[in-house]
Amino acid sequence: MNHFPIFLALEGRRVLVSGGGDAAVAKLRLLLKTTARITVVAEDPAPEIAAWAAEGRLTLIRRAQEPGDALCCVIAYGAHEDAEADGRALRLAAADGAIVNIVDDLARSQFITPAIVDRDPVVVAIGTEGAAPVLARKIKAELEARLSPATGLLARVAKTFRKTADALPMGAVRRRFWAEYYDEAGHRAAADGEDAIRATLHELLDTHLKADDRPGHVDLVGAGPGDPELLTLKARNALDRADVVIHDRLVAPEILELARREATIIEAGKEGFGPAMAQDAINALMVEHARAGAHVVRLKSGDPTVFGRLDEEIEALDQAGIGWSILPGITAASAAVASIGQSLTKRGRNGAARLLTGHDMKGFAEQDWAQLARPGEVAAIYMGKRAARWMQGRLMMHGAAPVTPVTLVENASRADQRIRAATLATLPDAVAEAAGPVVILLGLAPRRAGEAILNREIAL
Ligand code: SAH
């Protein structure tokens, strides 16, 4: 990031626009939204500028810019649409101590003006550092459509109500009150104007004052396999509202970024054989925060119901009398088969697919090897790296063919995803190459060879 976004206080401060053509008019339309004291120096100003001057909205000086014109200006614009004239404007204004923007000249500008979505006092600024103006316009259009025109009014009325709302205890309760206001109640009232909004705020406040001893809630949320776009909308909304996020180590940092900025983020371990927070300690954490009234998001990789020790957590919450919900996610096996262009089940091949774990609490996990060794069987094996050689032995002992296709998908759905096509015979060697989390797809080969790193020296 080469340009740091800030919102500059302009009330009563001077801004200079040098030039009087179309570019100047366009900038002035934006600047006139502010409370700045605007001066335009232009030999031949456009009629709009003259009209604004006549209305007293800006000061117009009908001559070329001179030294001192930008004295006491915080910012100045060179808007001549002419390299030489703008160069002069830049030199003069900079010498006067202003920071200068040359319209449409990123290289010479000392700051850039973002595209904005204006719901005053809510303003969204969009900048691409000149890299993608079309994208900026697209984002702006999307936000314009998404932010209801009432947004500004809601924020303005809210500002006058902040002191009153301080009657609510700080933290989760107060946040829930405002969330409800901005999510729905406020918007519904906005159609009937400012008084209706104020009445709604009072009603909401009463409700929340009565409910301030409401215990917290735990959402047991699936974070998906890693790609943030594979999060469900429900998971996103839960993250948006969370007071506390307790996450597994496998949850990708890009997903944690989506949590509400004020949320407390706690890592609770659990990855393979690495160090981990004891399950009891995780349970205690959830209970403690929920009891304090927090909205807790217990964020687990993939789907929380798949090898997630979910039941132990639910039991602990039930025992503590804390409400919970499960928000399903996309499990690693789904992302893994998708990455190799296959399906988990297929008519005429396998009418059932299994999700297996390579190890459990007691060590390597026993499975129905006789069944799994049969041709056409498909299984997605989680936590199978260490047990790979052992599983290979079991399967072969029960008659599985050494050439049975096996595909390893490492870091499924992430930027560093790797697919290794192997066979049962080469499984342990293929596993040894993987550093990240792996799903072993037994009985499936990538649909197209090009999708995989074929372990030639091993597989062939
Ligand atoms: N609840 C998770 C599984 C947790 S067990 C889910 O539904 O996906 C942890 C195991 O999941 C890892 O050892 C690995 O086998 C698998 N895993 C999780 N994320 C993965 C990913 N992005 N790519 C490959 N395997 C993954």
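**View 1. N101 in strand β5.** N101 sits in strand β5, which spans residues 99-102; helices (H or I, at least four residues) and strands (E, at least two) are DSSP runs numbered from the N terminus. The model is predicted: local features need pLDDT of at least 70 and side-chain atom pairs count only at pLDDT 80 or more, while totals for chains, interfaces and linings use all residues. Residues are numbered from 1 along each chain as its sequence is written, and side-chain values use heavy atoms, with hydrogens and water left out. With 4% relative accessibility, N101 counts as buried (buried means under 20% relative accessible area, exposed over 50%, partly exposed in between, with a 1.4 Å probe and protein chains only). Beyond its neighbours within four places in sequence, N101 is in contact with K27, A76, Y77, G78, S109, F111, I112 and T113; contact means heavy atoms within 4.5 Å. A polar atom of the N101 side chain lies 3.5 Å from the backbone nitrogen of V103. The C-alpha atoms of N101 and M396 are separated by 72 Å, and the two residues are 295 residues apart along the chain.

View 2. D104 is found in the loop between β5 and β6. Its phi is positive, about 60°, although D104 is not a glycine. D104 is exposed, with a relative accessible area of 80%. P121 is in the loop between β6 (115-119) and β7 (122-126), and the peptide bond from D120 to P121 is cis, with omega near 5°. Most residues other than glycine have a negative phi, and most peptide bonds are trans.

**View 3. Surroundings of the ligand.** The ligand is surrounded by 18 residues, of which the closest are D303, V306, T331, A412 and V438; a residue is near a molecule if one of its heavy atoms lies within 4 Å of it. This shell divides into 12 nonpolar, 4 polar and 2 charged residues (Ala, Val, Leu, Ile, Met, Phe, Trp, Tyr, Cys and Pro count as nonpolar, Asp, Glu, Lys and Arg as charged, and the others, Gly among them, as polar). A backbone N or O atom of S301 lies 2.9 Å from a nitrogen atom of the ligand. For D303, a backbone N or O atom lies 2.8 Å from an oxygen atom of the ligand, and for A332 the distance from such a backbone atom to a ligand oxygen atom is 2.9 Å. The protein covers 92% of the 550 Å² of accessible area that the ligand has on its own; accessible areas come from the Shrake-Rupley method with a 1.4 Å probe.

**View 4. The aromatic pair W369 and W390.** A search of the whole structure finds 9 aromatic pairs. W369 and W390 form an edge-to-face pair, 5.6 Å centre to centre with 85° between the planes. Rings of Phe, Tyr and Trp (its six-membered ring) pair if their centres lie within 6.5 Å; planes under 30 degrees apart count as stacked, over 60 as edge-to-face and the rest as tilted. W369 lies in helix α13 (residues 369-372) and W390 in helix α14 (residues 388-397), so the pair ties together parts that are 21 residues apart in sequence. W369 is buried at 4% relative accessibility, whereas W390 is partly exposed at 21%.

**View 5. N350 in a loop.** N350 is found in the loop between α12 (332-339) and β13 (353-357). N350 counts as buried, at 5% relative accessibility. Residues up to four places away in sequence aside, N350 touches L344, T345, G376 and V378. The backbone oxygen of L344 lies 2.8 Å from a polar atom of the N350 side chain.

Conventions:
A polar contact is a pair of N or O atoms within 3.5 Å; within protein, one must be able to donate a hydrogen and the other to accept it, and residues adjacent in sequence count only if both atoms are side-chain atoms.
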